[in-house]
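Subject: Structure handover

Hello,

Here is the structure I said I would pass on. Please open it alongside this email and follow the residue numbers as you read.

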Amino acid sequence: MIRPNGIATPCHSALLYHPARETSRSFPRARSACPSGAGADIVARHMRERLFTSLTALCVAAIVAFYAYVQVRVFTPAYQEVDPDGYMHLATRMARGEPVTIHDDDIFQHQSHVWVEPPTGGIVPKFAPGYPVLMIPFYRLFGDEGLFMTSPVAGGLTVIGAFLLFSLWLSRLGAVAATALLCANGMFLAYSGFHLTHSADMCFVTWGMYFLWKWLKKGSWLAAAGAGLCLGYAIFIRP
């Protein structure tokens, strides 16, 4: 287009969209807001993030599988010290709705440090009921052997909670490495398979610390509630 003053201007008709010129198979194309190179970088970063997330999940699953394999291999529904007597007594009697205090005239039957005589009379284990309460559903589902599954399951939950807790402090690789070192610790594997309160207590402390740290970072009331419940129940297991 040429103005009267002789200055050439762009043709307005070329800049306007004319519906009449479009066919049923032709539509105006939406242009990207960013150059094609920047879009490719975003897609590449997204793909790398998905790949790293999948690899991390695979590594954690392998660690948990190793832990489960060890616990299945060494699982022995028996014990050789007196402390489990008290825990099993409390769990089974509470599961059946029976009084936890018993009256026994045999003076040689309950002579270990597990048993005490309350002021009301009878004999009762001196332990807190937190661990026996956890044993009740396993006892109802699997019978006597189920009582010995409580610690291994608690240890597995500890592994998962430990990874999540480590992820708040370390890089993704560091969290995986720390979790693997935890599962390679012989003491951790041994106590997770033993019929005492250590594994269950560590489970609730680990998850309590995870929720506590989440609350400190984000201020979520759900995280605060989780921290209070988990850490409080840990005290209920081992005062």
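Predicted model: local features only at pLDDT ≥ 70, side-chain atom pairs only at ≥ 80, totals over all residues.

Residues are numbered from 1 along each chain as its sequence is written, and side-chain values use heavy atoms, with hydrogens and water left out.

The chain as a whole

The chain has nine helices and two strands. Helices (H or I, at least four residues) and strands (E, at least two) are DSSP runs, numbered from the N terminus. Read from that end, the order is α-α-α-β-β-α-α-α-α-α-α. Of the 239 residues, 32% are buried, where buried means under 20% relative accessible area, exposed over 50%, and partly exposed in between (1.4 Å probe, protein chains only). A contact means heavy atoms within 4.5 Å. Among contacts with a separation of 6 or more, 65% join residues 24 or more positions apart.

Helix α8

Helix α8 covers residues 198-218, which is 21 residues. From its first C-alpha to its last it reaches 30 Å, close to the 30 Å expected at 1.5 Å a residue; the expected span is 1.5 Å times one less than the number of residues. Its buried residues include Ser 199, Cys 203, Trp 207 and Tyr 210. The buried residues of α8 pack against α4 (130-142), α5 (150-169), α7 (186-192) and α9 (221-237). After α8 comes Gly 219, with a positive phi near 75°.

Helix pairs

Axes are lines fitted to C-alpha atoms, for helices over the stretch in contact, and angles run from 0 to 180 degrees between N-to-C directions. Angles under 35 degrees count as roughly parallel, over 145 as roughly antiparallel, 65 to 115 as roughly perpendicular and the rest as oblique.

The axes of α5 and α8 come within 8 Å and cross at roughly 25°, so α5 is roughly parallel to α8. Among the residues that meet here are Ala 154 and Leu 165 in α5, and Cys 203 and Trp 213 in α8.

The axes of α4 and α9 are 6 Å apart, at an angle of about 100°, so α4 is roughly perpendicular to α9. Gly 130, Tyr 131, Val 133 and Leu 134 of α4 make this contact with Tyr 233, Phe 236 and Ile 237 of α9.

For α3 and α4, the axes come within 8 Å and cross at roughly 60°, so α3 is oblique to α4.

The cores

A nonpolar core is a set of buried Ala, Val, Leu, Ile, Met, Phe, Trp, Tyr and Cys residues joined through side-chain atoms within 4.5 Å. The largest has 25 residues, and Tyr 87, Tyr 131, Met 135 and Leu 147 have the most contacts inside it. The elements giving two or more residues to this core are α3 (83-95), α4, α5, α8 and α9. Apart from it lies another core of 13 residues, including Val 176 and Phe 188. Not counting residues up to four places away in sequence, Met 135 touches Tyr 87, Met 88, Ala 91, Leu 147, Thr 150 and His 195.

One residue to check

Is Arg 93 buried or exposed? Arg 93 is found in helix α3, and it is buried because its relative accessible area is 18%. Beyond four places in sequence, Arg 93 touches Glu 98, Pro 99, Val 100, Thr 101 and Ile 102.

Regards
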